[in-house]
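User: I would like to learn how to read a structural model feature by feature. Could you take me through this one, giving the general idea before each case?

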Amino acid sequence: MKRRAPATERNRTFILDVLSKVLAGRERALEIASGTGEHAVFFAQSLPSVVWQPTDLDDVSIGSIDAWRADSGLQNLLPARRLDVCEADWGVSNIDAIVCINMIHIAPWAVTRALFKGAAKLLPPGAPVYLYGPYRFPDEPLAPSNQSFDASLRQRDSTWGIRDIDEVTTVAREEGFERVQVTAMPANNHSVVFNRAG
Ligand SMILES: C[S@@+](CC[C@H](N)C(=O)[O-])C[C@H]1O[C@@H](n2cnc3c(N)ncnc32)[C@H](O)[C@@H]1O
């Protein structure tokens with residue numbers, strides 16, 4: 001059944017603007033934590049030269065992604081796969097970019113390392129990992145909207161919360177990725193791009 005996350009309609013064109021440059025020349029993108037699947041349809045439609053592999057941890061999301069996909073009729077949007085980044089074998093291959101939107105703050109911290117560890121096994125040198133979401137920056141207070149979002153995340157699950165960009169970058173570096181881009185986005189979010197070291 002198709003599910004909706006209204007934020008995806010608000011943020012998708014801004015994300016596409018950054019993503020279209022990050023994915024230039026890339027052929028097969030793996031989307032981690034696709035959620036409803038609305039982003040997957042929009043990006044696959046907007047970037048027809050990229051084959052898009054949507055995935056998610058949970059079966060309700062898989063059903064929603066596939067329902068959106070069936071309606072779209074898009075040839076470059078593959079059937080959704082179940083993928084938990086914490087599993088050792090992601091069961092995919094031949095990927096040259098990874099996109100992960102709004103996951104690392106809504107998951108335990110260990111999931112961030114698992115994301116980069118898995119990405120390192122899959123991606124060729126120079127290939128990007130694109131992250132989108134809210135971040136903490138050194139010596140900068142969180143914006144009020146992010147402060148209350150962070151508090152609500154921690155209330156739901158004490159292992160969740162808005163991540164520190166430097167800590168994410170350290171984990172990425174330890175797993176073989178360099179941070180190459182940080183772009184401010186509307187509503188106090190950021191696009192952050194890491195490239196697999198060569
Ligand atoms: C807030 S939703 C974001 C969905 C979508 N990317 C969006 O922006 O609307 C977070 C998603 O992360 C997924 N997720 C959480 N932990 C995960 C893990 N370990 N591996 C893969 N996906 C995970 C959840 O199932 C959920 O769909």
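User: Where is the place of I98?

Analyst: A word on the source comes before the answer. This is a predicted model, in which local features need pLDDT of at least 70 and side-chain atom pairs count only at pLDDT 80 or more, while totals for chains, interfaces and linings use all residues. Residues are numbered from 1 along each chain as its sequence is written, and side-chain values use heavy atoms, with hydrogens and water left out. Helices (H or I, at least four residues) and strands (E, at least two) are DSSP runs, numbered from the N terminus; in those terms, I98 is placed in strand β4.

User: Is I98 buried or exposed, and which residues is I98 in contact with?

Analyst: A residue is called buried under 20% relative accessible area, exposed over 50%, and partly exposed in between, using a 1.4 Å probe and protein chains only. I98 has 1% relative accessibility and therefore counts as buried. Contact means heavy atoms within 4.5 Å, and, leaving aside neighbours within four places in sequence, the contacts of I98 include L30, I32, W90 and Y130.

User: Which residues of helix α2 are buried, and what covers them?

Analyst: In α2 (residues 38–46), seven of the nine residues are buried, so that the helix is mostly covered. The buried residues are E38, H39, A40, V41, F42, F43 and A44, and their cover includes α1, β1 (28–32), β2 (51–56), α3 (59–72) and β4 (97–101).

User: Which residues of helix α5 are buried, and why do they line one face of the helix?

Analyst: An α-helix has 3.6 residues a turn, so residues three or four places apart point the same way. In α5, the buried residues are N146, D150 and L153. Seen down the axis of α5, these buried residues fall within an arc of 65° (the arc being that of the directions from the helix axis to the C-beta atoms), so they line one face of the helix. The face turned away from that buried side carries the exposed residues P144, Q155 and R156, while the cover of the buried residues includes β6 (135–136).

User: Which residues come nearest to the ligand, and how much of the ligand does the protein bury?

Analyst: A residue is near a molecule if one of its heavy atoms lies within 4 Å of it. Of the 16 residues around the ligand, A33, D56, D84, V85 and I101 come nearest. A polar contact is a pair of N or O atoms within 3.5 Å. A backbone N or O atom of A33 lies 2.7 Å from a nitrogen atom of the ligand, the corresponding distance for a backbone N or O atom of I101 is 2.8 Å, and that for V85 is 3.1 Å. Taken alone, the ligand exposes 600 Å², of which the protein buries 83%, with accessible areas coming from the Shrake-Rupley method and a 1.4 Å probe.

Technical notes:
A polar contact is a pair of N or O atoms within 3.5 Å; within protein, one must be able to donate a hydrogen and the other to accept it, and residues adjacent in sequence count only if both atoms are side-chain atoms.
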